[in-house]
Amino acid sequence: MPVTFTVNGEQRSVDAEPDTPLLWILRDELRLTGTKFGCGIAQCGACTVHLNGLPRRSCVTPVGSIEGQSVTTVEGLEGAEADAVRAAWAEFDTPQCGYCQSGQVMSAAALLTRNSNPTDEDIDNAMAGNICRCATYVRIRKAIKAAGENLGG
């Protein structure tokens with residue numbers, strides 16, 4: 001079944017079973033491998049993308065449910081929030097193994113788009129579904145706060 005949607009600003013059409021997880025379409029069909037497979041049950045956040053600007057776990061999002069919608073992956077993440085997050089991630093040396101970082105960056109950018117001055121509680125709530133096995137949570141929180149400050153929050 002053909003499914004047409006926008007990925008990183010480009011309209012794409014894929015022929016796939018409607019229940020195929022978006023993650024596999026992104027990685028295997030479209031070769032956008034920045035989005036990672038973690039748990040496969042929406043518990044770790046490694047597969048986070050933006051669907052119409054909001055964070056979404058691509059491992060449990062059936063491609064058949066996104067007809068006509070807009071997907072942004074870490075490869076296509078742009079804008080002031082994305083730039084601020086990337087700069088803060090580098091400034092605070094946030095990634096360790098790096099595996100979860102694309103999902104972390106996607107969730108952080110989505111948070112800062114809605115709220116450029118997040119409290120610790122706001123950050124904890126927004127990032128709760130993103131697990132870092134290296135436990136860099138303190139650096140992630142510092143990076144998000146710094147990114148928000150750089151955005152004027």
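Buried means under 20% relative accessible area, exposed means over 50%, and partly exposed is what lies in between. Keep those cut-offs at hand for this tour of a predicted model.

**Stop 1: a surface patch**

Select W24, F37 and Y99. Together they form a nonpolar patch on the surface, with about 270 Å² of accessible area.

**Stop 2: the start of the chain**

Go to M1. This residue belongs to the segment before β1 (2–7). Buried or exposed, or partly exposed: which is M1? M1 is partly exposed, because its relative accessibility is 46%. Show its contacts, leaving out residues up to four places away in sequence: M1 touches V14, D15, A16 and P18. Then draw a distance from M1 to T33. The two are 32 residues apart along the chain, and their C-alpha atoms are separated by 23 Å.

**Stop 3: a buried threonine**

Select T73. Look for it in the loop between β5 (70–72) and α2 (80–91). T73 has 0% relative accessibility and therefore counts as buried. Which residues does T73 touch, not counting those up to four places away in sequence? The list is V7, N8, L26, L32, T35, V49 and M106.

**Stop 4: helix α2**

Move along to α2. The helix has twelve residues, which at 1.5 Å a residue should span 16 Å. Its end C-alpha atoms are 16 Å apart, in agreement with that expectation.

Next, colour the buried residues of α2: A82, A84, V85, A88 and W89. These cover an arc of only 165 degrees around the axis, so they lie on the same side of α2. The geometry behind such a pattern is simple. An α-helix has 3.6 residues a turn, so residues three or four places apart point the same way.

What do the buried residues of α2 pack against? Show α3 (101–114) and α5 to see their partners. Then turn to the other side of α2, where A90 and E91 are exposed.

**Stop 5**

Select N52. It is not a glycine, yet its phi is positive, about 55 degrees. N52 is placed in the loop between β3 and β4 (54–57). With 46% relative accessibility, N52 counts as partly exposed.

Now jump to A135. Here too phi is positive, near 60 degrees, in a residue other than glycine. The loop that holds A135 runs between α4 (120–127) and α5 (137–150). A135 has a relative accessible area of 52%, so it is exposed.

**Stop 6: salt bridges**

How many salt bridges does a search of the whole structure find? It finds four. The side chains of R12 and E10 meet in a salt bridge, at 3.8 Å from N to O. R12 is partly exposed, at a relative accessible area of 29%. E10 is partly exposed as well, at 45%.

Now bring up α4 and α5. Select K145 and D120. They form a salt bridge, and their closest N and O atoms are 3.3 Å apart. This pair links distant parts of the chain: K145 is in helix α5 and D120 in helix α4, 25 residues apart. Both ends are partly exposed: K145 has a relative accessible area of 31%, and D120 has 35%.

R141 is partly exposed, with a relative accessible area of 29%. D124 also counts as partly exposed, at 37% relative accessibility.

Keep these residues on screen for the last view.

Conventions
Residues are numbered from 1 along each chain as its sequence is written. This is a predicted model: local features need pLDDT of at least 70, side-chain atom pairs count only at pLDDT 80 or more; totals for chains, interfaces and linings use all residues. Side-chain values use heavy atoms; hydrogens and water are left out. Patches are made of residues with over 30% relative accessible area and no salt bridge: like charges are joined within 9 Å, nonpolar side chains (Val, Leu, Ile, Met, Phe, Trp, Tyr) within 5 Å. Accessible areas come from the Shrake-Rupley method with a 1.4 Å probe; for residues, only the protein chains shown count as cover. Helices (H or I, at least four residues) and strands (E, at least two) are DSSP runs, numbered from the N terminus. Buried means under 20% relative accessible area, exposed over 50%, partly exposed in between (1.4 Å probe, protein chains only). Contact means heavy atoms within 4.5 Å. The expected span of a helix is 1.5 Å times one less than its number of residues. The arc is that of the directions from the helix axis to the C-beta atoms.
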